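Please examine the structure before reading the solutions.

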Amino acid sequence: MLDRLAIFFTSLRLTVVLLALGLVLVFWGTMAQVQIGLYQAQNEFFRSFFIYWSPVDSGWRIPIFPGGYLIGGMLLANLVVYNLRFDQERKRNLGLIAIHIGVGLLLIGQLLTDVFSTESMLHLRNGETKNYSEASSHFELAVVDKTEATTDRVIAIPQDRLQRQEEIRQADLPFSIRVHTFYNNSTLAEKEQEGFTQINATAGIGAGAWWRELPREAEMDRRDMPSGIVELLTPQGSLGSYLVSAYLNQPQVVDFNGRRYELRLRLERFYKPFQLRLVEFRHDKYPGTDIPKNFSSRVRVQRPDTGEDREVLIYMNNPLRYDGDTYYQASFDQDNQGTVLQVVHNPSWLTPYFACILVGLGLLVQFLRHLFEFATKHNAS
Amino acid sequence: MSRKLLNTLSLLKLTGILLSVGLAIGCGQDGIKVYTVSKESAPPTEMSAVPEHAAPTSGTQLKWKTPDGWQEIPPGTMRVASFKVTGADGKQADVSVIPLPGSAGGDFSNVNRWRGQVGLAPVTEEEFAKLTQPVEIAGQPGALYEAVGDSGCILAAIQHREGTVWFFKMTGDGSLVTQVKPVFVEFLKSVQFVTGETMPVAVPEVVSNGKPNWSVPTGWQEVSGGQFLVAKFVITGTGGAQAGVNVSSSASDGGGLAANVNRWRKQLGLSELTGEELAKSVQSLGPVTLVEMVGQDARTSQPAALVGAMVSQAGQMWFYKLMGEAKVVAAQKTAFIQFVQGVKY
C-alpha cells in the first residue's frame with residue numbers, strides 16, 4: 001500500500017497532470033473574475049481545495065474541479081516525496097536538489113503569503129494623524145468599551161464570524177452577541193419600499209428601518225455593504241437587538257453595569273505602535289498641461305515608545321518600509337488635499353527572492369555540469 | 001536500506017511537514033481581536049467652530065445656505081440634512097442629504113431605482129450617460145438626474161468625495177419639483193464640506209427632541225425605541241403575554257390617513273382599504289383618530305391585535321400604536337386611549 005502511495009506521489013505523470021490542471025485553473029479563475037469579481041474568484045478558485053458547482057435552487061455543493069490549495073499541495077507533496085525517496089541516489093546532484101528546493105520554497109512561500117499577508121489602506125487628509133490602516137473590503141463588528149478616560153478597549157469580531165450567525169462569547173465582554181441575521185451586501189431604507197422587509201431590531205438606530213439583501217459586488221471599484229442584526233444577551237436578559245451596518249457612520253451606545261459600550265460595523269482596522277501624519281500631498285503636473293508629473297506624500301512618522309520623529313517622502317516606486325509594513329502611494333483625493341496609501345504586510349516577502357536565487361543557481365550548476373560532461377566526452381573522443 | 005522502508009520514511013516525513021504547515025496556518029487564523037487603544041484625538045483646530053447649519057458625519061462637516069421657503073426639519077437616521085418645501089398651492093416636496101460610504105450600489109443602479117419609484121422604466125447604460133446633467137456641488141462637479149413619472153418626481157444630485165457618495169435628493173409633486181429646480185441647484189452650490197477627523201457622535205438611545213409630556217400608565221415599561229421612534233413601551237400581561245406601544249411623529253401629515261392605516265393593516269397581514277371601507281374603519285375621539293384591527297403579526301406569524309391612534313398637532317402628525325397579543329391589547333386599550341388623549345404637546 002505504502003509502496004503504491006510512494007510510487008503515485010513520485011510519479012512524473014502526476015507532476016504533468018497537476019501542472020496541466022494548474023493551467024486550466026488559472027485560465028478559468030481569471031475568466032471567472034469578470035462575473036464574480038477578483039476577491040470572490042480568488043477565494044473560490046485559488047484559496048480552496050475544490051471548485052464547487054451548485055444546481056439551481058438545490059442548496060447542494062458538488063465539487064467539480066480541484067482548487068488552488070489541492071493542486072499546490074499535491075505538487076508540493078509530489079516534490080517532497082520524490083526528493084525524500086530518491087535522496088540517497090540523488091544526493092550528489094546538487095543542481096537538481098537546489099532547483100527542487102527553490103520550487104518547493106516558491107510553493108510554500110505563496111501559501112505563507114496567502115495566509116499571513118494583509119493588505120490595507122491608509123487614507124489621510126493634509127494635517128491628519130492616524131495610527132491604523134483599514135481593510136479595503138473586509139468588515140468587523142467593533143465593540144468598544146469607552147468607559148476609561150484615556151483608553152478604549154476594543155473587541156473586534158471579524159466578518160467571517162458574523163457570517164456564521166451564531167452566538168459569540170468573549171471573556172472581555174459582559175454580554176454575549178447572538179448574530180440573528182447577516183447579509184454580506186445589503187441596502188437600507190428609512191421607509192417601506194418594494195422588495196424591502198422591516199428590520200427586526202428592538203433597539204438602536206435600526207428599529208423601524210427597512211432593508212434588503214443584495215448580491216455580492218463583482219466590480220473592483222465597488223464594495224459590499226454588509227448589515228446584520230445582533231442581540232446582546234446577559235445572564236439577566238436581553239439588552240436588545242441592534243442593526244449593525246456599514247451604512248451607519250455613527251456608533252450605537254449601550255450602557256450596561258456602569259460601563260459604556262459602542263457598537264459599530266466598520267472596515268477591519270490594523271493598529272500600529274506608531275502614527276503617521278500627512279504633512280503634504282503633492283500632485284504636480286507638467287506646466288501648461290494636465291499630465292501628472294508626480295504624486296507624493298510627505299508623512300511624519302512618530303513613535304512614542306522610541307521617541308522617533310522623522311519625515312519621509314513617499315512617491316511612486318519609493319514606498320516607505322517600516323516595522324514590517326510597506327506603504328505605497330496608491331491614490332489621492334479629488335481635491336488634492338488627501339492621500340491614500342496602500343499598506344502591505346507580508347512577513348514572507350523575501351521567500352520568492354530566495355526561491356528564485358536557488359532555482360537560478362541550481363539551473364546554472366546543471367547546465368555547467370552537462371557542459372563539463374559534454375566537453376570531457378568531446379575531448380576524450 | 002530497503003526500498004519499502006525508504007517509502008515509509010518518505011511518507012512519514014511528508015506527513016510531518018504537512019502537519020507543521022497545517023498547524024502554522026491554523027495558529028495564524030485568529031478570530032476575535034482584543035486590544036487597547038488611545039482615544040481618538042480631538043478634531044483639528046479648524047474644526048472647532050462648527051457652523052450653525054452643520055451636520056456631523058464620519059470625518060466631514062457639511063454646511064449650507066437654506067433657500068427661502070424651505071423648512072429645515074430634523075434629519076432621520078441616515079440623513080444629515082432634511083428639508084420640507086411647500087409650493088404656493090400647498091403641494092409638498094421632501095429634500096434629503098444622505099452620505100453613504102463606498103459606491104452605494106453605483107449611480108446607474110440608483111438612478112434606475114429612483115425611476116422605478118416614480119413609475120418610469122429603467123434605462124440602459126448608454127441612455128443613463130445621456131441623462132446625466134452636470135451640476136456644481138460645493139465647488140466640485142457633480143451629476144444631476146431628473147425622473148418625472150406618473151407617481152411623482154425625483155431630482156437627485158450625486159457627488160463622489162473621498163470614498164463617500166453624497167446624495168442630494170428632492171422628491172415630491174412633479175410640477176413643484178420642476179418649479180424649484182433652479183433653487184435646488186443654487187442650494188447645491190451653497191453646500192460646503194469642511195473635512196477633518198471628528199469624534200464619533202454618540203447616538204441618543206431615544207430621541208428626546210420634541211418629546212411631549214405624558215403620564216405613563218402603570219405596567220408600561222419604557223425601553224429604547226431607536227431613532228425612528230419618539231418612545232417605546234413594553235407591556236407584559238398575564239402568562240407572559242406581551243404587547244408594545246410605539247410613539248412616533250412625522251412632519252406634515254406623515255403620508256395621510258389611508259397610507260398609515262394601510263401600513264398598520266399590512267403589519268397584521270390585512271389587505272388595504274380604500275374609500276368608504278377605510279372611512280368606516282376609523283373613529284374620531286376629539287382630536288384623536290382611532291383605528292382597530294385584528295390579524296396575524298407579519299413578523300412572527302402569530303395572532304395579534306392593533307390599536308392605532310393619530311393626532312395632528314401644530315403641523316406634525318403623531319402616531320401611537322398599541323400592538324401585541326390580543327388579550328393584552330384588549331386589556332390595555334382603555335389605558336392606551338387615555339394615554340393618547342392626555343398627552344400635552
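**Exercise 1.** Determine which element gives the largest share of the nonpolar patch.

*Solution.* Helix 2 of chain A supplies the largest share, three residues; helices (H or I, at least four residues) and strands (E, at least two) are DSSP runs, numbered from the N terminus. The model is predicted: local features need pLDDT of at least 70, side-chain atom pairs count only at pLDDT 80 or more, and totals for chains, interfaces and linings use all residues. Residues are numbered from 1 along each chain as written, chains are lettered from A, and side-chain values use heavy atoms, without hydrogens and water.

The patch consists of L23(A), V24(A), W28(A), W53(A), W60(A), I62(A) and I64(A), with about 740 Å² of accessible area together (Shrake-Rupley method, 1.4 Å probe; for residues, only the protein chains shown count as cover). Helix 2 (12-36) and strand 2 (62-66) of chain A each give two or more residues to the patch.

**Exercise 2.** Classify I62(A): buried or partly exposed?

*Solution.* I62(A) lies in strand 2 of chain A. Its relative accessibility is 30%, so I62(A) counts as partly exposed (buried is under 20% relative accessible area, exposed over 50%, partly exposed in between; 1.4 Å probe, protein chains only).

Technical notes:
Patches are made of residues with over 30% relative accessible area and no salt bridge: like charges are joined within 9 Å, nonpolar side chains (Val, Leu, Ile, Met, Phe, Trp, Tyr) within 5 Å. A salt bridge is a side-chain nitrogen of Lys or Arg within 4 Å of a carboxyl oxygen of Asp or Glu.
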